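Subject: Structure handover

Hello,

Here is the structure I promised to pass on. Please open it first, then read my notes below.

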Amino acid sequence: MFKSLLTGAALGLSALTMALPAHAEYPERSIQAVIPWGAGGATDNVMRSLTPYVEKELGGKFILNNRPGGTAVIGSTHVMQQRPNGYTVLLGAENPQLYKVLKLADFDYADFYPVNIIGQNVVVIAANADAPFNNMAELMAAAKANPDTLRMGSTGAGGLPSTVSAMINAVDELKVREVTFGGDGPGITALMGKHIDFMPLSLAAARELVRSGKLKALAVFATEETPELPGVEPITKSLPAIAEYLPWGPFWGAFVHKDTPDDVKQKLVDAYAKAVANPEFQGFLKNFGAQSLNLNGAEAEEFLKRWQSVTTWSMYKAKAIEISPDSVGIAKP
Amino acid sequence: MNKTDKMLVGERTFCVLLVLTSLVVFYLAYQISGFSSINSPGAFPIGVALVMIFSAVKIGVELIGKAKPDCSGWLDAFQQFRDTHFPRRTLVFGLLAVAYLAAIQWVSFYVSTFLFLVLSIVYLRKGRVLNAILIAAVLLVLIYLLFSLAFSVYLP
Amino acid sequence: MSDTLSYLLMAWSDPQLLMLTALGTFAGIYIGAIPGLSVTMAVSILVSFTFSWDVNDALALIVGIFIGGVYGGSRSAILLNIPGAPSSVATAFDGYPLAQQGEAGRAIGLSTVMSVVGGIVGTIMLASAAPLIGELALRFAPRDYFLVAAIGLLLVGSLAEGSLAKGIFAAGLGAVIGLVGMDPVTAQGRFTLGQVELMGGIHYVVLMIGLFGVAEAFYQLHNLDSPVVRQKVDKILPSFAMVLKFLPLSIRTSIIGVIVGVLPGVGGDIAALMAYDHAKRTVKNPSRPFGKGAYEGLVAPETANSAAVGGAYVPMLTLGMPGDAVTAVIIGALVVHGLNPGPMLMVENPHIFYFTVGNLLLANVFLMIFGLMGIKLFAKFVEMPKAVLIPLILVLCVVGTYSINSSMTEVYWMLGFGVLGYLLKIFGFQMGPIILGAILGPLMDTSYRQAMSSAGDNPVELLQGLVTSPLSLILSAAVVLILLGNTPLLKKLKSKLSPASARG
């Protein structure tokens with residue numbers, strides 16, 4: 001009696017496990033979403049705001065998991081190492097596109113499948129409100145009058161300020177002391193306390209301070225004025241040559257392993273596309289000072305390629321990186 | 001401090017290890033960027049390593065003048081050290097802990113934790129298996145409620 | 001004015017907000033008590049969770065968790081010698097000895113009351129002088145952060161019992177562990193031994209859990225058969241006279257807490273250690289010697305880390321800049337809720353400021369209630385047989401470590417640090433300096449590099465900066481004084497002079 005019960009149970013169980021994959025619809029369990037940046041950062045904010053909409057569209061639950069460290073190398077590597085079944089999603093920013101040239105890791109977003117390029121941030125060059133320069137031309141002039149005396153806030157190799165300054169140096173000369181901070185926050189605090197002279201920042205980080213008059217924006221890193229900062233000149237006004245790199249900005253995206261099954265990819269792509277397009281999330285992005293992109297498929301891959309090419313080649317030209325981008329397979333723009 | 005203190009068994013060896021450790025740290029710090037600049041990635045680590053070397057040597061100097069421990073030869077010292085600080089109970093518990101950590105990735109967190117708790121409680125108390133199983137089960141339920149449900153920590 | 005008052009009382013008068021604050025505080029105490037579960041983590045989960053809520057409801061819950069969580073760390077520090085959070089490391093120094101003498105209940109009672117005192121002082125300072133203190137925080141240049149870190153590291157002198165050299169070595173070791181990972185400037189690996197997993201560094205909570213939790217578990221194996229200490233649970237609430245006696249000290253340490261809490265990147269953990277050091281220097285006749293169960297050694301860190309909460313809110317509310325990791329997440333929460341944290345927040349949404357102040361006070365009231373509840377039950381926890389307690393501690397350490405970054409590698413490291421801590425303990429090393437080094441080493445490294453870069457890699461220019469800025473000058477003087485105080489030279493001088501001049 002007992003034995004037959006046991007065999008019956010075993011049979012039933014094995015039948016169940018065999019039947020499951022055939023019938024179950026993705027997602028049948030919760031999805032682990034890795035945010036390779038710390039809680040409270042810009043990437044974290046965007047992803048935590050977006051995820052509830054994606055959950056609604058996909059009909060599954062996401063477990064958000066911050067795995068910060070090493071310019072997002074740790075979190076991205078983790079996603080790469082997981083099984084490609086669509087149950088581990090990477091919610092990251094632009095950094096992996098620079099890993100190869102900075103020799104931080106030997107992979108980039110080409111090793112992932114872009115589910116959605118959610119949006120990008122506008123960059124502004126900010127200075128303390130009392131700074132002696134009022135626009136980009138005056139800043140450049142001040143830097144040339146006394147080379148290596150102005151202090152620029154930075155967030156380390158591969159961070160936004162050093163990339164922007166590399167682009168400027170690729171077309172002109174901006175010799176400054178680079179003071180590295182742990183992130184936007186401490187850098188902005190130092191900027192307000194006049195311990196540094198200027199810092200390239202994302203609009204999301206700088207807007208409130210510019211609006212309140214604590215900081216002033218010298219230029220927006222674009223070819224035209226941005227509606228969020230009326231009256232601030234585009235950088236091309238003082239540096240026309242930089243236009244070849246524009247439009248440029250740090251971006252956010254959702255990625256899965258390249259070998260994920262196509263039907264799973266498609267489900268994720270559809271869910272993210274709808275979620276990003278949600279008017280409430282669009283309202284959040286606008287309030288956050290970011291531009292919505294909502295790219296997927298070939299468009300997204302094209303975007304990633306262009307971003308990587310433009311950024312790395314300008315860095316190479318400004319001697320911010322040692323190795324030539326084509327040595328790691330990045331074509332000239 | 002008080003020089004009349006007796007040296008602990010193995011203290012000299014440990015002190016040598018400290019000096020060696022700090023030398024290794026210095027080597028690793030030097031590897032970062034050498035003495036290239038006052039503001040290089042390796043500058044502060046080299047400073048820390050130097051401080052460690054000096055303090056390790058100072059710890060050694062403090063030992064001079066202390067009475068030697070009562071033991072004859074290396075082997076005896078080692079045995080004394082093991083008996084006082086690593087008796088069998090500590091070793092077995094340590095091994096259980098290592099096995100537990102290794103098992104987490106093979107047989108999942110909950111199974112290995114349950115086994116570890118039952119085994120170690122039974123070993124340390126020398127018996128009362130049922131009670132140990134009960135305790136382990138209660139703790140697992142608590143961990144599940146708190147970590148997996150409330151905090152959505154993804155346990156392996 | 002009436003607007004201000006109504007904002008202040010908002011959380012007190014609305015039953016729903018009242019309940020959420022209470023819930024948050026209660027949950028916070030237990031989150032804080034478990035090593036590895038942190039307030040930062042709880043708050044960031046709440047950001048997604050409270051996404052569709054009213055912003056006031058979300059903030060009420062968060063404030064409760066923050067206040068409860070910072071206090072909660074003291075529970076496990078007192079009962080098990082495992083600080084629930086880095087800000088409770090100093091609490092363990094005297095709290096655990098008290099528990100071993102059967103006074104766990106009284107220690108928890110005292111730490112509760114003193115946390116509330118610290119919390120209220122912090123909130124009052126936030127309410128009355130936020131813009132002023134915010135401006136003060138902006139004055140701190142990179143070189144001043146360097147000096148603050150140096151002052152912090154000099155605490156080794158008072159943390160290290162016995163040999164100073166051992167304390168310095170331990171702090172150096174901690175600093176090296178803290179430096180593991182990518183260099184913040186060049187992104188080059190340091191002390192990573194070629195391991196990708198180590199590129200992100202070793203979280204200092206991993207180190208803390210190993211050194212305190214696992215090392216303590218191994219240490220306790222020796223006492224397996226000794227009878228457990230019966231806990232006295234009759235006199236839990238400290239008498240009014242006792243609170244009054246500690247009031248001057250607690251106000252001083254609260255001020256330390258607020259000021260340290262305001263500085264971004266320096267938080268309650270360092271505030272608590274500095275306050276402990278301050279108590280050790282200034283209290284001439286503690287109830288028992290420090291490190292052996294002095295009430296003063298419990299009062300100082302507990303007031304300081306609670307007061308640091310008020311401090312951390314200052315830059316967040318006045319400038320939109322985080323004062324610590326938790327307020328960074330709260331800023332994120334405000335953004336998600338469509339508010340724009342920044343200098344204009346006080347002008348455009350003044351209710352957020354006064355609502356937070358009122359809410360902090362309310363959370364402290366709840367802290368008093370919940371903190372004193374169930375102490376008898378908790379004190380019994382220590383009476384649990386060691387044979388059960390020790391495996392439990394180890395499992396908690398594993399889960400706690402894993403939940404920080406979901407990394408098994410860090411769990412292995414944690415166990416390694418445990419064995420290392422056990423060995424160091426055998427040879428008379430203290431755990432406090434290691435943690436101190438791990439927290440302050442990286443801060444000192446980055447601020448040193450920033451200061452050097454700001455001065456164009458020119459040491460002379462850097463020294464000039466130290467002398468010309470009043471703030472830097474004061475801080476440098478403090479460094480020199482403490483340094484002298486730690487060397488035998490000054491002690492000799494002191495003993496020659498009249499005892500009246502012997503003030504730390």
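Is α9(C) mostly covered or mostly exposed? α9(C) is mostly covered, with 15 of its 16 residues buried. (A residue is buried if 20 or more other C-beta atoms lie within 10 Å of its own, exposed if 12 or fewer, and partly exposed in between; C-beta atoms are placed from the backbone.)

Before the rest, two notes on how to read it. This is a predicted model, where local features need pLDDT of at least 70, side-chain atom pairs count only at pLDDT 80 or more, and totals for chains, interfaces and linings use all residues. Residues are numbered from 1 along each chain as its sequence is written, while chains are lettered from A and ligands numbered from 1 in the order in which they are written.

Chain C

Chain C has 23 helices and two strands. (Helices, H or I of at least four residues, and strands, E of at least two, are DSSP runs numbered from the N terminus.) The radius of gyration of chain C is 22 Å, close to the 23 Å from the globule rule for 504 residues, so chain C is as compact as a globular protein of that length. (That radius is taken over C-alpha atoms; the rule is 2.2 Å times the number of residues to the power 0.38.) Its C-alpha atoms fill a box of roughly 60 × 60 × 60 Å along the principal axes. Buried residues make up 65% of the 504.

Back to α9(C), residues 164-179. At 1.5 Å a residue, its 16 residues should span 22 Å, and its end C-alpha atoms are 22 Å apart, which agrees. (The expected span is 1.5 Å times one less than the number of residues.) Just after this helix, G181(C) takes a positive phi of about 120 degrees.

Chain B

Chain B has six helices and zero strands. A compact globule of 156 residues would have a radius of gyration near 15 Å, but chain B has 23 Å. Its C-alpha trace spans about 55 × 50 × 25 Å along the principal axes. Of its 156 residues, 23% count as buried.

Chain B is divided into domain 1 (11-85) and domain 2 (88-150). (Domain bounds come from an automatic or database domain assignment.) The C-alpha centres of these two domains of chain B lie 36 Å apart.

How confident is the predictor here? Chain B averages a pLDDT of 85, and 95% of the residues score at least 70. (pLDDT is the predictor's confidence in each residue, from 0 to 100.) Among the elements of chain B, α3(B), residues 73-85, has the lowest mean pLDDT (82), and α2(B) has the highest (91).

Where B meets C

47 residues of chain B are in contact with 48 residues of chain C. (Two residues are in contact if their C-beta atoms, placed from the backbone, lie within 7 Å.) On the side of chain B that touches chain C, the largest share, ten residues, comes from α2(B). That side divides into 33 nonpolar, nine polar and five charged residues. (Ala, Val, Leu, Ile, Met, Phe, Trp, Tyr, Cys and Pro count as nonpolar, Asp, Glu, Lys and Arg as charged, and the others, Gly among them, as polar.)

Chain A

The assignment for chain A gives domain 1 (26-120 + 250-328) and domain 2 (123-245). The centres of these domains of chain A, over C-alpha atoms, are separated by 26 Å.

Best wishes
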